[in-house]
Amino acid sequence: MTNPILHRCGFVAIVGRPNVGKSTLVNRLVGQKISITARRPQTTRHRILGIRTRAEFQAIYVDTPGLHREGKHAMSRYLNRTASSALAVGGADVVVLVVVGTKWTEEDDLVLGMLNAVKVPILLAVNKIDLVRDKTTLLPHLQQISSKHNFAQIVPLSAIRGENVDALEQIIVLLLPEGVAQFPEDQITDRNLRFLAAELVREKLIRHLGEELPYALTCEVEHFEEKGALARVGVIIWVERPGQKAIVIGKDGAMLKRVGQEAREDMERNFERKVFLETWVRVRTGWSDDERALKSLGYE
């Protein structure tokens, strides 16, 4: 009599310093966009689960903000707490540390130091290898960083192109514990459409205004109604100063219109329905350095 097929299920924490491509990797692993992405550090501000279910396994990927040297700012402290929570005892069955190409920084060392107490397998994902011009430098670099920690495996990959991501997933699955699925097979994230709507607006703002307003804005859904094939969504864009409000709106409202159009198009693709989107820009002085304000805006 043959043994039944072993089913594996577990949590996989995706960690690393800011701007190494953690969210892009999670989106690629899940096969759908659940986390926003931008070429700006600290784009990810929340702990988001991405759920990948197949007949033999369910991998629950935990996308986290970038771990960094904590500043005095309330938002900075919140981001590090959120990222560190994924590494708490019992919080993950596998950890994937994401770094970039042949570049190893002091912040990478900082994150690696935080992993010293972790008792589960740690994989090193060396991302953005497509940007390494001289590929002959890659192998010596991998050999050098392998001496920094006893990694379960080191996997060079390109999350944005999908190169070698399947190989990473195969390794992850083998490291997951035996267990039954914890989420329905058609569920891909623990976040609802209301959350994703706010994040999609914030993504467009970061992509267009990252230079001027890297951290001074956030988004809050004022209303979200689904009626048949139409979703009516209202999003408040919070900034900290009147001058920032003018930047978000743009000349004759051009920037706000562009952000709204791009966000609406993304929502329609993700929600699979028509979307009527309204946006407003409001000022809330010092919200990003106020613990109470952060909680009221969903940063818990």
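**Close-up views of a predicted model**

**View 1. Strands S8 and S9 are paired in the parallel sense.** In this predicted model, strand S8 (residues 230-239) and S9 are joined in the parallel sense by ten bridges. One of the residues of this pairing is Val-235, whose bridge partner in S9 is Thr-279. Helix H7 packs on the sheet and touches S8 and S9. The direction of H7 makes about 155° with that of S9.

**View 2. Strands S7, S8 and S9 form an open sheet.** The three strands follow the order S7-S8-S9, and their pairing is mixed. Strand S7 (218-227) and strand S9 (274-283) stand at the edges; each has a single partner strand, so one side of each is left without a neighbour in the sheet. From one strand to the next, the twist averages 15°. Helix H6 (residues 193-209) lies across S7, S8 and S9 and runs at about 135° to S7.

**View 3. Helix H7 packs against helix H8.** Two packed helices are described by the angle between their axes and the distance between the axes. For helix H7 (residues 242-249) and helix H8 (residues 254-271), the angle is about 60° and the axes are 5 Å apart. That angle makes H7 oblique to H8. In this contact, Ile-247, Val-248 and Ile-249 of H7 meet Ala-254, Met-255 and Leu-256 of H8. The contact residues comprise six nonpolar, no polar and no charged.

**View 4. Strand S4 is covered on both faces.** Seven of the seven residues of S4 are buried.

**View 5. The largest nonpolar core gathers 29 residues.** Those with the most contacts inside the core are Val-15, Leu-87, Val-95, Leu-97, Leu-115 and Leu-124. Among the elements that give two or more residues to this core are strand S1 (8-15), strand S4 (94-100), strand S5 (122-127) and helix H4 (138-146). S1 provides the largest share, four residues.

**View 6. Leu-124 and its contacts.** Leaving aside residues up to four places away in sequence, Leu-124 touches Leu-97, Val-99, Trp-104, Ile-145, Phe-151, Gln-153, Ile-154 and Val-155.

Note on methods
Residues are numbered from 1 along each chain as its sequence is written. This is a predicted model: local features need pLDDT of at least 70, side-chain atom pairs count only at pLDDT 80 or more; totals for chains, interfaces and linings use all residues. Side-chain values use heavy atoms; hydrogens and water are left out. A nonpolar core is a set of buried Ala, Val, Leu, Ile, Met, Phe, Trp, Tyr and Cys residues joined through side-chain atoms within 4.5 Å. Buried means under 20% relative accessible area, exposed over 50%, partly exposed in between (1.4 Å probe, protein chains only). Contact means heavy atoms within 4.5 Å. Axes are lines fitted to C-alpha atoms, for helices over the stretch in contact, and angles run from 0 to 180 degrees between N-to-C directions. Angles under 35 degrees count as roughly parallel, over 145 as roughly antiparallel, 65 to 115 as roughly perpendicular and the rest as oblique. Ala, Val, Leu, Ile, Met, Phe, Trp, Tyr, Cys and Pro count as nonpolar, Asp, Glu, Lys and Arg as charged, and the others, Gly among them, as polar. Two strands pair if DSSP finds at least two bridges between them.
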